[in-house]
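Keep the structure open as you read.

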Amino acid sequence: MHSIKHSQILHQIEEYIRIIRSQNLTIATGSDFSYFKSIPKLQKARHNVNPAFDPKHSDLNERNSLWTLLLSSENEILGTQAMQILPLQNLSLGDYLRENVWFFRTYGYDFDQDKTRWQLSNEATKIHGAVAYHGELWLKGGENGLRGGSMAILLTRLMILLGMLKWSPDFFIGLQSPLTSCRGLAVREGYMRTEQRTISWYQKKSDIPMEDWMVWMTKEEAEFNLRLPAEFFHAMFNKAGMTEEHITQIA
């Protein structure tokens with residue numbers, strides 16, 4: 001398999017941004033996570049930032065991290081996501097989780113750290129090198145929201161392309177709820193593998209866990225899946241009357 005070229009990544013990014021702009025929306029990017037943490041003050045519908053992307057808990061800078069915002073024509077924040085290169089050093093992902101699983105917890109829950117459990121397949125345990133952690137995906141819901149269409153796919157795939165351009169990491173990983181995974185978001189984003197029941201979080205005084213499932217792919221798998229044009233997904237989810245044959249022709 002031939003690696004995707006730098007020029008091809010740039011072209012794909014331009015196409016994603018073009019389609020997003022065609023919806024009267026714009027993309028902003030940055031690495032100031034103090035600002036990113038303040039977003040819930042600007043957009044009340046947005047949940048607070050999780051510790052992994054909170055500069056109080058994580059060393060985040062322009063070399064190792066990036067966020068994107070989706071903005072309306074009135075500059076209302078309608079969507080967020082973020083990515084960082086995990087500080088694995090020479091550790092495998094399994095070794096890193098053994099010491100740092102608490103790093104991936106969700107803000108706002110009173111979890112019992114001692115009861116937290118995690119597991120990975122043998123192959124995922126060996127993930128190493130430059131590993132990009134993809135998270136903080138949020139879209140505004142409600143009557144005028146953007147959930148349910150193509151925007152989540154466009155945004156997440158754009159973020160992966162931006163990560164490829166910035167770092168060319170060896171692996172991409174993310175965490176999702178079981179329901180989100182079973183509804184197929186990972187496939188739409190381009191992630192080829194799902195690790196079920198990766199982390200089991202227990203709230204204090206509760207024996208019922210909350211789960212995160214890990215999705216992941218290698219650099220080569222990301223390159224393979226991201227060859228599909230942005231218009232393919234936009235047509236699939238947004239254009240009335242498009243048949244499977246029409247969508248296939250776009251691809």
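Begin with S65, which sits in strand β2, residues 65–71. The model is predicted, so every value here is computed from predicted coordinates.

Is S65 buried or exposed? S65 has a relative accessible area of 0%. Buried means under 20%, so S65 counts as buried.

What does S65 touch, beyond residues up to four places away in sequence? The list is S31, F33, L60, M83, Q84, K166 and W167. There is also a pair to look at in space. S65 and G30 are 35 residues apart in sequence, and their C-alpha atoms are 8.6 Å apart. The side chain of S65 has a polar partner as well. One of its polar atoms lies 2.7 Å from the backbone oxygen of N61.

**The neighbouring asparagine**

Step back to N64. This residue is in the loop between α3 (39–42) and β2. N64 is buried too, because its relative accessible area is 16%, and the limit for buried is under 20%.

The side chain of N64 also meets a backbone oxygen. A polar atom of that side chain lies 2.9 Å from the backbone oxygen of D59. Leaving out residues up to four places away in sequence, N64 touches D59, M83, Q84, I85 and W167. Compare this with S65, whose contacts include M83, Q84 and W167.

**Helix α6 and what follows**

Helix α6 covers residues 151–167. The helix has 17 residues and reaches 24 Å from its first C-alpha to its last. That is close to the 24 Å expected at 1.5 Å a residue. How much of α6 is buried? The count is 15 of its 17 residues, so the helix is largely enclosed by the rest of the structure.

Just after α6 comes S168, with a positive phi of about 45°. S168 is in the loop between α6 and β6. At 32% relative accessibility, S168 counts as partly exposed.

N24 is found in the loop between α1 (6–22) and β1 (26–30). N24 counts as exposed, because its relative accessibility is 51% and the limit for exposed is over 50%.

Now go to S92, in the loop between β3 (77–85) and α4. S92 is buried, with a relative accessible area of 16%. Which residues does S92 contact, leaving aside neighbours within four places in sequence? They are T125, K126, I127 and H128.

**A closed space inside**

The structure holds 1 cavity of 30 Å³ or more. Two or more residues of the lining come from each of α4, β6 and β7 (193–202). About 50 Å³ of space lies in this largest cavity. Its lining is made up of L93, L97, F104, I173, L175, T198, I199 and M214. By class, 7 of these are nonpolar, 1 is polar and none is charged.

Turn to the largest pocket. Its volume is about 1,100 Å³. Of the 39 residues in its lining, L137, L175, Q176, S177 and T180 are the closest to the centre.

Which elements supply at least two residues each to the lining of the largest pocket? They are β5 (131–139), α6, β6 (171–176), α7 (178–182), α8 (185–189) and β8 (209–218). Strand β5 gives the most, with 7 residues. The lining divides into 18 nonpolar, 13 polar and 8 charged residues.

The second largest pocket has a volume of about 170 Å³. It is lined by 13 residues. Nearest its centre are V49, P51, D54, H57 and Y107. This lining divides into 4 nonpolar, 5 polar and 4 charged residues.

**Tying it together**

Two elements are worth a second look. Helix α6 is largely enclosed, with 15 of 17 residues buried, and supplies at least two residues to the lining of the largest pocket. Strand β6 contributes to that pocket and also gives two or more residues to the lining of the largest cavity.

Key
Residues numbered from 1 in each chain as written. Predicted model: local features only at pLDDT ≥ 70, side-chain atom pairs only at ≥ 80, totals over all residues. Heavy atoms only, no water. 1 Å grid on protein atoms, 1.4 Å probe; cavity = no way out; pocket = protein on both sides within 12 Å on 5 of 7 lines; lining within 4 Å. Points joined across faces, edges and corners; volume = space filled by probe spheres on them. Helix = DSSP H or I, 4+ residues; strand = E, 2+ residues; numbered from the N terminus. Nonpolar A, V, L, I, M, F, W, Y, C, P; charged D, E, K, R; others polar. Buried < 20%, exposed > 50% of the residue type's maximum accessible area, 1.4 Å probe, protein only. Contact = heavy atoms within 4.5 Å. Polar contact = N/O pair within 3.5 Å; in protein donor to acceptor, adjacent residues only side chain to side chain. Expected span 1.5 Å × (residues − 1).
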